[in-house]
Amino acid sequence: MIKNKFTDFPLEEEIRKAVSDLGYRYPTIVQQAVIPELLAGKDLLVQSQTGSGKTASFGIPLCEKVEWLENKPQALILEPTRELAQQVQEDLINIGRYKRVKTTAVYGKASFIKQKSELKQKSHIVVGTPGRVSDHILKGTLSLDKIRYVVIDEADEMLNMGFIEQVKEIIQALPKQRQTLLFSATMPEKIVELSQNYLSEPKMITVEATEKTVPKIQHAFLPVADEEKFAALEALTVVENPDSCIIFCNTQEKVDNTYDHLVDAGYPVGKIHGGMIQEDRFEVMDAFRNKRFRYLVATDVAARGIDIENITHVINMDAPYEKESYIHRVGRTGRAGKEGFALTFFTAKDQELKKEIEAYGGFKMNQISLPNAKQVARSRGAFKKKITTKQVLQSPKGKALEQDIMKLYFNGGKKKKLRALDFVGTLTSIEGITAEDIGIITIQENVTYIDILNGKGSIILQAMKDRTIKGKQLKVHKARKK
Ligand code: AMP
């Protein structure tokens, strides 16, 4: 029987409520196929695109399956990029919020020590990039003996990025008694091989691209010499006047140059590439997601899997080196059934690549011509108006979920020898507060964060003014971080 309501799945109330608060009314096709099989204990090989709801397809069953009382990690999710690891962590935190499932993310260019300390505490699920996950395994800071579930996400991208050997080493270090899931948008030979070696009698699930997942993208190209690219970009953006646009370049240097050029021309613009520190990368992605600027200049770092709604235009300043990258780049637009416009600048030497992309993608790119000076002049007024008008702020994902939740900050943590139990003890001694109202607790060296559920945050804030935790008077206020 096809399960087409979330209530058809045997899920705990805490998970069901989170799914409903996230605004998911019906399971997507991949969720209908994956959730029951994962709950039933099967290994799965899933071919499906991003944007199909695949994160929740494994996130919901994993949050359901983890044993809350077990402190060591029970599920490991491997992602090809730090941005994806962070995004998946956020989705899992949202799904597991009421069950208080703790999901820890580990990735490079972020503090190893801080991750080590988080891994030492209760961590039900760990999501990370292969490099940093391996580091933690080697240094003995990520315990593997309780891992029962493994997700290799975006496997074809892991292959493209040269991570497959590392992924194999990680899998070999895991307990044999486990459930393994492999997700990939395409199924090249090497991925099939990987699944044969590490999955046990996997069920193959192929989710045909549907109306909703087949992006409605118009593919266009413009033949242009390298030295004419800036002028072409300006003329086209003025005439096209996009609501939201990603401009891809092949190198960090070109991203920097294009960004500087657009800043000088007064565009509301941000940039992202692998040479930037991780905090800045996250900040830029968050700002773009929250519509603080309309243009983002990026290398391929931003091309894969990132879930940002309503990007109307993708412009390839440089044709990508590989046909697969083209698909990933333009896939940032035309999401969720909306229309998108993808434009690529081809120089004379890129002609072969254009043919390859068309053959690979099964579409034809239409040649467009550069708008003339008159057209540009006519469009300039509307363009100026748009780039100087603030966009309507997007409410972040999980907003409904967070309405009832207040994150509290306590100025004491491990150094003061405080444990989760000490906090729970004090908080549940407050009238009207039960263990059900206490969400995820994160204890750091000097501070602790606690999610307070069911709209009870202000009661606790008030009560904590004259209460102590383990005999210690702590400062308590609403946390600034998410
Ligand atoms: P993903 O393919 O995991 O990147 O998900 C794409 C987008 O769909 C994300 O913004 C999810 O929050 C959203 N989503 C996932 N499952 C559902 C659902 N059942 N109903 C509506 N939206 C969903």
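Predicted model: local features only at pLDDT ≥ 70, side-chain atom pairs only at ≥ 80, totals over all residues.

Reader: At what angle do α3 and α4 pack?

Author: Helices (H or I, at least four residues) and strands (E, at least two) are DSSP runs numbered from the N terminus. Axes are lines fitted to C-alpha atoms, for helices over the stretch in contact, and angles run from 0 to 180 degrees between N-to-C directions. Here α3 (residues 54–65) and α4 (residues 82–96) pack at about 45°, their axes being 9 Å apart. The two are therefore oblique to each other, given that angles under 35 degrees count as roughly parallel, over 145 as roughly antiparallel, 65 to 115 as roughly perpendicular and the rest as oblique. The crossing of α3 past α4 is right-handed; a crossing is right-handed if the near helix is turned clockwise from the far one by less than a right angle, and left-handed if anticlockwise.

Reader: Which residues of α3 and α4 meet?

Author: With contact taken as heavy atoms within 4.5 Å, Thr 55, Ala 56, Phe 58, Gly 59, Ile 60 and Cys 63 of α3 meet Val 88, Asp 91, Leu 92, Ile 95 and Gly 96 of α4. By class, this contact of α3 with α4 has seven nonpolar, three polar and one charged residues, where Ala, Val, Leu, Ile, Met, Phe, Trp, Tyr, Cys and Pro count as nonpolar, Asp, Glu, Lys and Arg as charged, and the others, Gly among them, as polar.

Reader: How do α4 and α12 pack?

Author: Their angle is about 60°, with axes 11 Å apart, which makes α4 oblique to α12. The contact is made by Arg 82, Glu 83, Gln 86 and Gln 87 of α4 with Gln 278, Arg 281, Phe 282, Met 285 and Arg 289 of α12. These residues of the contact of α4 with α12 divide into two nonpolar, three polar and four charged.

Reader: Which residues of α12 are buried, and what covers them?

Author: An α-helix has 3.6 residues a turn, so residues three or four places apart point the same way. Buried means under 20% relative accessible area, exposed over 50% and partly exposed in between (1.4 Å probe, protein chains only). In α12 (residues 278–289), the buried residues are Gln 278, Arg 281, Phe 282, Val 284, Met 285, Ala 287 and Phe 288. Their cover includes α4, β9 (245–248), β10 (269–272) and β11 (295–298).

Reader: Where do residues other than glycine take a positive phi?

Author: Most residues other than glycine have a negative phi, and most peptide bonds are trans. Among the cases here is Glu 154, with a phi near 50°, in the loop between β5 (149–152) and α7 (155–160); Glu 154 is buried, with a relative accessible area of 2%. Another is Lys 291, whose phi is about 60°, in the loop between α12 and β11; Lys 291 is also buried, with a relative accessible area of 15%.

Reader: What does Tyr 267 touch?

Author: Tyr 267 lies in the loop between α11 (252–264) and β10 and is buried, with a relative accessible area of 6%. Not counting residues up to four places away in sequence, Tyr 267 touches Glu 234, Thr 237, Val 238, Leu 262, Tyr 295 and Phe 383.

Conventions. Residues numbered from 1 in each chain as written. Heavy atoms only, no water.
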